[in-house]
Amino acid sequence: MFDYETLKLIWWVLISVLLIGFVITDGFDMGVGTLIPIIGKSDDERRMMINSIAPHWEGNQVWLVLAAGAIFAAWPAVYATAFSGFYVAMMLTLFALFFRPVGFDYRSKIEDPRWRTSWDWAIFTGSTVPPIIFGVAFGNILQGVPFVLDEFLRANYQGGFLDLLNPFSLLVGVFSLCLFVLQGSTWLQMKTEGEVRARARLVTMIVAPIAVLLFAVAGLWLASGIDGYVITSAIDVAGPSNPLLKTVEIQPGAWLANYELYPLTMLAPIVGLLFPLLALLASIFNRSAFAFISSSIAQFGVLLTCGISMFPFILPSSLDPSHSFTVWDATSSEVTLNIMTITAMIFLPLILLYTSWAYFKMFGRIGKSFLDKYRHSAY
Amino acid sequence: MDDLVDLSRFQFAMTAMYHFLFVPLTLGLAWILLIMESLYVMTKKEVYKDMTKFWGKLFAINFALGVTTGLTMEFQFGTNWAYYSHYVGDVFGAPLAIEGMMAFFLESTFVGLFFFGWDRLSKLQHLAATFLVALGSSMSALWILVANAWMQNPVGAEFNYETMRMEMTSFAEVVFNPVAQVKFVHTVASGYVAGAMFVLAISSYYLLKGRDMAFAKRSFAIAAAFGTAGILCTILLGDESGYEVGDVQKAKLAAIESEWETHPAPAAFTMIGIPNQEEQRTDYAVRIPYALGIIATRSLDKEVKGLKELMDVHEVRIRSGMIAYGLLEKLRAGDETPENIKAFEEIKVDLGYGLLVKRYAPDVIDATEQQIQMAVDDSIPRVAPMFWSFRIMVGSGIAMLFIFLFAFYQSACNKIGSNKTFLKICLYSLPLPWIAIEAGWFVAEYGRQPWAIAEILPTHMGISSVSVEQVWFSIISIASFYTVLLVIELFLMFKFARLGPSSLKTGKYHFEQLENQIEPQLEVKQESK
């Protein structure tokens with residue numbers, strides 16, 4: 001249907017879309033999860049917060065599941081290398097994610113305050129650890145990952161868990177958490193009432209400027225202190241997916257090359273810098289829906305910035321740059337990409353359609369009256 | 001090195017079997033909820049709405065853990081089976097990604113509306129949401145089983161030496177894999193049985209206690225009918241029929257039957273015996289003439305291959321695979337002459353067999369006769385565990401068949417609850433579907449050994465380059481988490497199952513009636529009019 005080169009590009013776009021879908025939707029319910037023990041002062045307030053995401057978090061989480069599944073199917077080598085290389089980090093993410101489904105579902109089934117408080121902290125952990133680790137992971141990928149491929153294309157990762165925790169990646173980790181909290185706090189402004197809403201507004205007003213600051217610092221750091229990767233040989237963009245057929249060099253400032261080449265892409269970081277401020281402004285004027293939309297657009301801008309900086313690289317190798325995975329040589333075969341493209345073209349619009357319908361049906365704020373009515377059936 | 005393989009296998013087996021404690025109940029209960037809610041929409045009787053909501057509560061407790069443990073499965077291919085993921089991701093990953101787009105999204109989005117949309121949706125809209133949850137969960141099973149069936153019988157793909165991996169040649173072949181079809185029906189139907197047994201057993205408990213009779217009888221009847229259909233499908237469309245395609249499936253069948261020799265058709269079925277791997281025979285075998293031939297090949301004239309003959313075939317293919325491996329090394333080294341390519345393409349189907357030797361001789365081509373023989377001995381699964389777990393599965397299945405038939409008969413004659421002993425049998429049979437299902441998966445996956453992907457990638461090749469300590473770390477952590485979660489889940493499950501529909505706080509059911517000092521029998525009399 002499409003030629004191989006186009007398919008490879010399509011899947012870079014689609015995986016970006018899935019990741020953006022994840023940070024926008026699962027982003028707000030994770031943000032809410034982080035805020036539960038912080039701004040939910042009473043059991044009723046915490047229940048309001050949980051019930052504002054109750055009908056949606058399950059579907060939201062599928063963006064993450066699908067993003068991982070799509071990386072497996074479209075970039076199998078990347079999935080294999082990243083998941084096994086970041087073994088401990090991935091396991092910690094997984095354990096944190098364990099807490100959420102059970103936490104949401106079991107928390108309100110027993111009245112005992114100790115039971116509920118324990119689950120609140122479980123949900124907090126499950127919602128706070130993943131964004132930090134995702135940030136740390138992106139921070140490391142931007143600096144290059146220490147892996148090499150042997151003659152059978154088996155990836156050998158030669159770093160440890162503690163190496164992942166370097167200053168730059170920790171900065172990106174904190175930044176990522178801020179973005180999720182921003183997303184959660186604007187959601188709560190839009191979906192709750194009274195005290196919770198007021199506190200969520202305050203959180204937005206604190207976190208939004210921090211997010212902008214961290215994004216700017218990370219950007220400057222990337223431009224000045226972190227070397228990028230450049231393909232120095234010819235590469236057959238429609239050729240077989242074998243990452244050993246090219247040569248790559250590390251060059252200072254290379255992560256900015258795409259912005260010089262295509263100035264229009266500068267819009268992505270600009271959006272990432274501007275929209276958290278718009279969310280702040282909207283919160284000041286109590287425009288909560290506008291704040292949430294601005295925050296969502298900010299997520300979009302930030303992730304796109306990360307993708308564009310590295311394009312066409314997906315997983316650069318710091319040990320042997322020529323072994324780096326790129327959009328052109330780490331994908332699945334043409335047949336597979338074609339099949340999946342057709343499936344995505346049919347089902348992604350459907351997903352957006354019924355997801356919107358579900359949000360539309362559950363429209364409205366969750367307040368005290370909701371809890372009084374559904375005390376026994378709600379989360 | 002072997003240690004790492006065993007640990008990785010152990011972790012995978014542990015997490016997969018644990019995951020499948022929750023999946024079957026989701027599969028079955030979702031449709032039972034749909035039946036109950038359909039009855040509510042058609043008859044407008046509140047009791048059916050209460051039934052949907054109450055069993056939905058138990059569904060939710062189970063569903064949460066199904067989702068939780070499913071995440072592990074998705075992570076684990078990458079974390080612990082990285083070379084596997086690289087080697088077959090092109091084929092194996094696609095059904096998983098499609099599952100996400102087509103099924104899991106549907107299920108997860110509408111499950112939210114199922115729980116929280118009762119007052120937000122019209123009756124029909126809510127019914128549609130319930131339907132989409134049930135449809136989504138079964139479709140999800142379809143795609144997962146397409147992926148799994150490809151591991152058992154890898155069709156529609158071939159090895160590409162340029163990318164050093166399997167690549168898809170025909171998506172249609174992958175989807176319409178005969179193993180996938182039988183597996184889908186068998187697995188999904190067994191899930192329906194689990195759902196039905198769950199409702200049947202807990203309803204029997206209420207009937208035994210004489211509580212909420214109208215509610216319990218209706219639940220019992222629905223479970224009896226649904227379970228009867230489910231168990232008939234599971235047994236009649238048992239996936240033994242998928243065991244005649246593909247070499248590994250054949251070895252599995254022979255191992256299940258502890259059939260060492262190839263007998264003239266139609267083969268006898270070894271009902272019971274003691275498999276003896278060292279001597280390659282079955283001691284004290286009791287055989288039923290013709291039965292295996294009929295079960296396995298659905299005919300009287302096709303023979304079932306014995307393990308010894310299969311091993312002879314394996315030896316030939318291992319030797320050919322070693323040559324293929326040598327040619328592949330030449331091609332990888334850049335010696336891409338047309339002759340080499342042609343020679344490799346001709347025998348590359350045996351490459352996987354060559355890789356079996358890699359466990360004993362890392363360079364493969366220089367393997368000694370003794371090493372080859374070790375690989376040949378490895379090329380069939382251990383017989384005794386296969387033989388016994390298969391019989392546990394079949395035994396549980398037949399027991400459930402009788403239970404459901406009798407329960408169905410009772411419902412049809414309006415005699416539900418008339419026989420206390422039978423109610424007790426129903427209650428204590430609750431674990432049967434899980435025993436059968438876990439045993440069945442054990443047969444399917446353990447029986448696939450030594451392969452990760454049948455005839456293509458040996459299990460020992462599939463692992464990640466991680467350290468033994470790392471895998472110990474994950475095994476211990478996961479096992480601890482899972483134990484705690486299981487305790488909590490069972491605690492809630494028992495609490496709410498004991499509480500019954502009173503947990504809905506509608507004021508209509510047993511415990512609330514007691515509180516209000518109203519004769520509990522009153523409700524039953526009213527309902528039975």
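Student: Where is Glu455(B) found?

Tutor: This is a predicted model. Glu455(B) is found in the loop between β5 and β6 (457-458) of chain B. Its phi is near 65°, a positive value in a residue other than glycine. Most residues other than glycine have a negative phi. Glu455(B) has 21 C-beta neighbours inside 10 Å, so it counts as buried; the cut-off is 20 or more.

Step back along chain B to the loop between α16 (432-446) and β5 (451-453). Pro450(B) has its place there. A cis peptide bond joins Gln449(B) and Pro450(B), with omega about 10°. Most peptide bonds are trans.

Asn286(A) is found in the loop between α10 (267-284) and α11 of chain A. With 11 C-beta neighbours inside 10 Å, Asn286(A) counts as exposed. Chain A also has a cis peptide bond, joining Phe311(A) and Pro312(A), with omega about 0°. Pro312(A) is in the loop between α11 (288-310) and β5 (313-315) of chain A.

Now the setting in chain B. Its secondary structure comes to 19 helices and 6 strands. The radius of gyration of chain B is 26 Å, close to the 24 Å that the globule rule gives for 529 residues, so chain B is as compact as a globular protein of that length. The C-alpha trace spans about 90 × 50 × 40 Å along its principal axes. Buried residues make up 55% of chain B. Take the contacts in chain B between residues at least 6 apart in sequence: 75% of them join residues at least 24 apart.

Next, the core. The largest nonpolar core has 297 residues, and those with the most contacts inside it are Ala67(A) and Ile32(B). Helix α3 (residues 82-116) of chain B supplies the largest share of this core, 23 residues. Beyond its neighbours within four places in sequence, Ile32(B) is in contact with residues including Trp55(B), Val199(B), Ile222(B) and Phe226(B).

Last, the side that touches chain A. Here 58 residues of chain B are in contact with 61 residues of chain A. Elements of chain B that give two or more residues to this side are α2 (46-80), α3, β2 (165-168) and α17 (468-499). α3(B) gives the most, with 22 residues. The residues on this side of chain B divide into 30 nonpolar, 21 polar and 7 charged.

Notes: Residues are numbered from 1 along each chain as its sequence is written. Chains are lettered from A and ligands numbered from 1 in the order in which they are written. This is a predicted model: local features need pLDDT of at least 70, side-chain atom pairs count only at pLDDT 80 or more; totals for chains, interfaces and linings use all residues. A nonpolar core is a set of buried Ala, Val, Leu, Ile, Met, Phe, Trp, Tyr and Cys residues joined through C-beta atoms within 7 Å. A residue is buried if 20 or more other C-beta atoms lie within 10 Å of its own, exposed if 12 or fewer, and partly exposed in between; C-beta atoms are placed from the backbone. Helices (H or I, at least four residues) and strands (E, at least two) are DSSP runs, numbered from the N terminus. Two residues are in contact if their C-beta atoms, placed from the backbone, lie within 7 Å. The radius of gyration is taken over C-alpha atoms; the globule rule is 2.2 Å times the number of residues to the power 0.38. Ala, Val, Leu, Ile, Met, Phe, Trp, Tyr, Cys and Pro count as nonpolar, Asp, Glu, Lys and Arg as charged, and the others, Gly among them, as polar.
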